[in-house]
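Please consult the sequence and the structure shown below while reading.

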Amino acid sequence: MGENQSLFPLSLLTTRRQNAELFMRPLHIKDFERGYPTILSQLTELGQVSKELFEKRFKEWQSSDSTFIIVVEDTKSNKIAGAASLFVEKKLVHSGGKVCWLKFFAKRRILSCSNRYLGWSH
């Protein structure tokens, strides 16, 4: 995947592949087709999200230095198996420090992911 089509450079992540079937990486412009919206719909009402809207938001996130969306890709199916968002809030207090917020973590609700250590079990 080209770095320019990823939300942020892969080099910002420390990736350890304990399970070769799963790969943690930045959100990619092609992840709409890989099921990223399906992952989000497990957290909340998604509404009408077209590919065009996804690509518009992706470009806005990409131009930001405060939005980092990480996905876990199932390399066997080429589908998104999980996702998390990290937002960096630039503060005025604390000498202009920064605070990071992990907004959500979702994983695909299918049996084939249940033994792959994607967070918690249901």
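Asn78 counts as partly exposed because its relative accessibility is 43%, where buried means under 20% relative accessible area, exposed over 50% and partly exposed in between, for a 1.4 Å probe and protein chains only. The model is a predicted one, in which local features need pLDDT of at least 70 and side-chain atom pairs count only at pLDDT 80 or more, while totals for chains, interfaces and linings use all residues. Residues are numbered from 1 along each chain as its sequence is written, and side-chain values use heavy atoms, with hydrogens and water left out.

**Positive phi values**

Asn78 lies in the loop between strand S2 (67-74) and strand S3 (79-90); helices (H or I, at least four residues) and strands (E, at least two) are DSSP runs numbered from the N terminus. Its phi is near 60°, a positive value in a residue other than glycine. Most residues other than glycine have a negative phi. His94, in helix H3 (residues 93-96), also has a positive phi, near 55°. With a relative accessible area of 68%, His94 is exposed.

**Aromatic pairs**

There are four aromatic pairs in the structure. Rings of Phe, Tyr and Trp (its six-membered ring) pair if their centres lie within 6.5 Å; planes under 30 degrees apart count as stacked, over 60 as edge-to-face and the rest as tilted. Two of the pairs are tabulated here.

| Pair | Centre to centre | Angle between planes | Class |
|---|---|---|---|
| Tyr36 and Phe54 | 6.1 Å | 55° | tilted |
| Phe54 and Phe58 | 6.2 Å | 35° | tilted |

Tyr36 in helix H1 (residues 36-41) and Phe54 in helix H2 (residues 51-63) are 18 residues apart, and their pair links distant parts of the chain. Tyr36 is buried, at 3% relative accessible area, and Phe54 is buried at 4%. Phe54 and Phe58 are separated by about one helical turn because they are four residues apart in helix H2. Phe58 is buried, as is Phe54. One aromatic cluster is formed by Phe32, Tyr36, Phe54 and Phe58.

**The second largest pocket**

A pocket is an open set of points on a 1 Å grid over the protein atoms alone, where a 1.4 Å probe fits, with protein on both sides within 12 Å along at least five of seven lines; lining residues have an atom within 4 Å of a point. The second largest pocket is lined by 15 residues, and Tyr36, Leu40, Phe54, Arg57 and Trp61 lie nearest its centre. H1, H2, S2 and S3 each give two or more residues to this lining, and H2 gives the most, with four.
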